[in-house]
Amino acid sequence: MTDTVNDSATGATGGAIERPFQADVARLLDLVVHSIYSDRDIFLRELISNAADACEKLRFETATGQIAGSDAPFRIAIEADKQAKTLSIVDNGVGMSREDLEQALGVIANSGTRAFMEKLEGAGDKGPAESLIGRFGIGFYSSFIVADHVDVYSRRAGQAEGWKWSSDGKSSYSVEASEDCPEVGTRVVLHLKGDAEDYLDVSTLQRIVGEHSAGIPVPIAVREAGGEEQKASEGAALWARPRSEITAEQYAEFYRTIAGQFDEPALTVHWRAEGRYEFDALAFIPGSRPFDLFNPERKGRSRLYVRRVLVSTEADLLPPWLRFVTLVVDSADVPLNVSREIVQKSPVLGAIRKAVVGRVIQELTKLADSDPTKFAEVWKNFGAVLKEGLYEEPERRDALFALARFATSTHGAGDRTLAQYVADLRPNQTAIYYLTGADAATIAASPHLEGFRARGIEVLLLSDPVDSFWVSSAVGFDGKPFRSVTQGQADISQVPLIDGAEAPAKPELDAAAATTLAKMKEALGARVSDVRVSERLADSPACLVASDMAPDRTLARILASAGRLDASMQPVLEVNLGHPLVKALLALDTAGDRADFEDASGLLLDLAHLAEGEAPENGPEVARRLSKWLARALAANAGA
Ligand code: ADP
Ligand code: MG
């Protein structure tokens with residue numbers, strides 16, 4: 001009964017220690033309780049899923065001899081007490097020590113949960129929060145959807161003491177020693193809210209278990225206090241059952257149980273591999289993006305079983321570029337009686353991993369053929385992640401290229417394949433051209449595209465950060481190299497103009513113009529590495545390109561911000577000799593004021609930055625200059 005831990009928590013009464021929830025938890029609790037009206041049933045799935053995880057952990061610890069096992073089979077019991085208005089979920093799994101209780105139920109440990117909270121903060125008011133929360137697993141805290149008070153009695157396997165955790169789900173919880181715990185495992189007691197008493201009905205409980213938890217590999221029974229126990233689920237692992245007996249809804253529920261997502265899977269793949277290594281596998285591609293998809297700490301969602309014994313929930317069975325896949329693998333060929341670390345390194349796992357990756361790609365390829373709309377959705381959600389595979393796993397590159405979809409300057413919908421691009425090459429076009437940038441709209445408006453448009457040349461518009469990397473590491477596609485339109489001298493003069501297009505500025509440079517450009521370069525100093533005449537512009541006065549040997553400008557920016565490239569690598573300013581602004585600059589150089597010429601040259605460079613969607617180097621200064629020139633132009637106009 002006594003608490004031996006010396007701590008400063010306030011409000012200790014009768015041996016119980018009262019602690020505030022971590023700030024995130026309090027907020028999450030509030031949201032959970034107030035946002036979920038539509039499907040309250042899911043609280044039971046979350047608690048059953050925890051109970052099953054606990055059984056699987058103990059099963060593993062017993063199987064590997066870490067804990068002397070009892071012979072009692074694992075089971076989950078749900079007990080409804082109409083008198084006391086309590087619903088209890090009891091398991092004989094691994095249980096929780098005092099520290100476990102505080103850690104697991106008092107703080108948000110899961111990085112995904114934190115990312116989710118940040119997203120909610122960003123969303124602001126209640127409306128979006130409600131739709132967001134409906135797509136995210138909230139685990140244990142979902143108890144408070146139906147209960148105004150929750151007690152958790154738990155005894156860790158192998159330990160003598162039991163503990164009671166208790167909370168009203170508002171701002172704090174308490175922990176104390178307890179004699180009322182199961183021999184081993186956990187009893188979660190929900191004191192139901194007045195409007196949740198229908199959950200005391202055994203047939204309701206039967207229905208919910210059937211709908212939400214049928215694939216859980218631990219048997220589940222339901223009982224009314226003092227009554228007979230009734231079987232609610234056999235506890236047959238879903239992945240080990242014949243596919244013909246499993247409904248789409250059962251797959252979807254199982255996916256939600258293990259993925260911590262609330263959506264529909266976009267793709268479900270269930271197969272049994274036979275041959276050198278045998279295993280059952282079940283893979284899901286989510287219907288929406290997990291919140292922590294781009295969180296570097298995101299753990300895989302691969303569960304590895306060895307003959308129904310869960311060995312790891314973070315098995316290294318998928319490469320990072322498939323980290324959105326939720327996977328279950330069960331194999332008799334993986335050794336169980338070794339440490340988890342060694343399991344991870346076993347050659348069997350390497351072979352399984354390879355087979356799984358191959359199968360997932362194969363199924364995606366099939367989906368792209370059979371249901372392009374659905375595939376487009378998958379690509380929209382996960383294309384940016386799949387593209388990491390283009391440079392991380394060159395041997396999968398061809399398969400991934402076949403899946404990749406692009407927005408291009410001529411096909412904006414984002415469903416263009418490289419094969420289609422190559423089939424539509426213009427006469428004399430020898431490369432696949434691309435332009436990278438922050439977002440598709442800015443890229444599509446780039447002056448760089450003008451010369452390409454006039455010749456009808458399609459340009460890939462690449463807006464994912466990962467694009468800069470694969471495109472510079474890939475040799476090419478179908479014998480055509482990838483070439484950035486902002487890099488060096490793109491030679492497209494051999495490609496004929498399309499009908500009616502005006503030839504972009506002819507780079508005819510007389511001696512006077514050449515001198516002017518040299519003076520501009522001098523005036524711009526270290527801000528540019530060169531100033532030269534452009535072949536690629538039609539309507540814009542100037543644009544920026546990387547010098548011939550330098551990386552593409554987007555890549556240069558990414559590398560510079562990661563400290564992996566000298567940020568001083570300056571762009572080349574290309575000017576359009578046919579543009580009135582540039583013509584006026586040339587005139588200013590021969591007839592005008594020196595300071596004006598230098599000032600206007602600087603503005604031309606600022607405009608080129610702006611046209612690429614970049615902020616100019618010194619905004620207030622640019623604003624001051626622009627107002628000066630605008631005032632002059634307007635005054636001249638008014639005077640005329
Ligand atoms: P998650 O299951 O995604 O980890 P939950 O909020 O559902 O998140 O549970 C938090 C943690 O509490 C679990 O990871 C587990 O460590 C612990 N836990 C919850 N229920 C039980 C239980 N019945 N037996 C043992 N541990 C449990
Ligand atoms: Mg859980």
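How far from an oxygen atom of ligand 1 does a polar side-chain atom of N50 lie? The legends below begin with that contact and describe a predicted model.

**View 1. Polar contacts of ligand 1 with N50, D91 and T186.**
The distance between a polar side-chain atom of N50 and an oxygen atom of ligand 1 is 2.7 Å. For D91, a polar side-chain atom lies 2.9 Å from a nitrogen atom of the ligand. In the side chain of T186, an N or O atom is 3.4 Å from a nitrogen atom of ligand 1. On its own, ligand 1 has 530 Å² of accessible area, and the protein covers 71% of that area.

**View 2. The shell of residues around ligand 1.**
Two elements, α2 (42-63) and α3 (98-106), each give two or more residues to the shell. Helix α2 supplies the largest share, with four residues.

**View 3. The second largest pocket and its lining.**
This pocket holds about 440 Å³ of space. Its lining is made up of 23 residues, and those nearest the pocket centre are W379, R405, F406, A407 and G414. Elements that contribute two or more residues to the lining are α11 (372-386) and β17 (459-462). Seven residues come from α11, the largest share of the lining. By class, the lining residues divide into 12 nonpolar, four polar and seven charged.

**View 4. The aromatic pair of Y391 and F469.**
The count of aromatic pairs in the model comes to 19. In the pair shown here, the ring centres of Y391 and F469 are 6.2 Å apart and the ring planes stand at 50°, so the pair is classed as tilted. The class follows because planes under 30 degrees apart count as stacked and those over 60 as edge-to-face, with the rest tilted. Y391 belongs to helix α12 (residues 388-392) and F469 to helix α17 (residues 467-473), so the pair ties together parts that are 78 residues apart in sequence.

How values were computed
Residues numbered from 1 in each chain as written. Chains lettered and ligands numbered in written order. Predicted model: local features only at pLDDT ≥ 70, side-chain atom pairs only at ≥ 80, totals over all residues. Heavy atoms only, no water. 1 Å grid on protein atoms, 1.4 Å probe; cavity = no way out; pocket = protein on both sides within 12 Å on 5 of 7 lines; lining within 4 Å. Points joined across faces, edges and corners; volume = space filled by probe spheres on them. Nonpolar A, V, L, I, M, F, W, Y, C, P; charged D, E, K, R; others polar. Near = heavy atom within 4 Å. Polar contact = N/O pair within 3.5 Å; in protein donor to acceptor, adjacent residues only side chain to side chain. Areas by Shrake-Rupley, 256 points an atom, 1.4 Å probe, with all protein chains shown as cover. Phe/Tyr/Trp six-rings, centres within 6.5 Å; stacked < 30°, edge-to-face > 60°.
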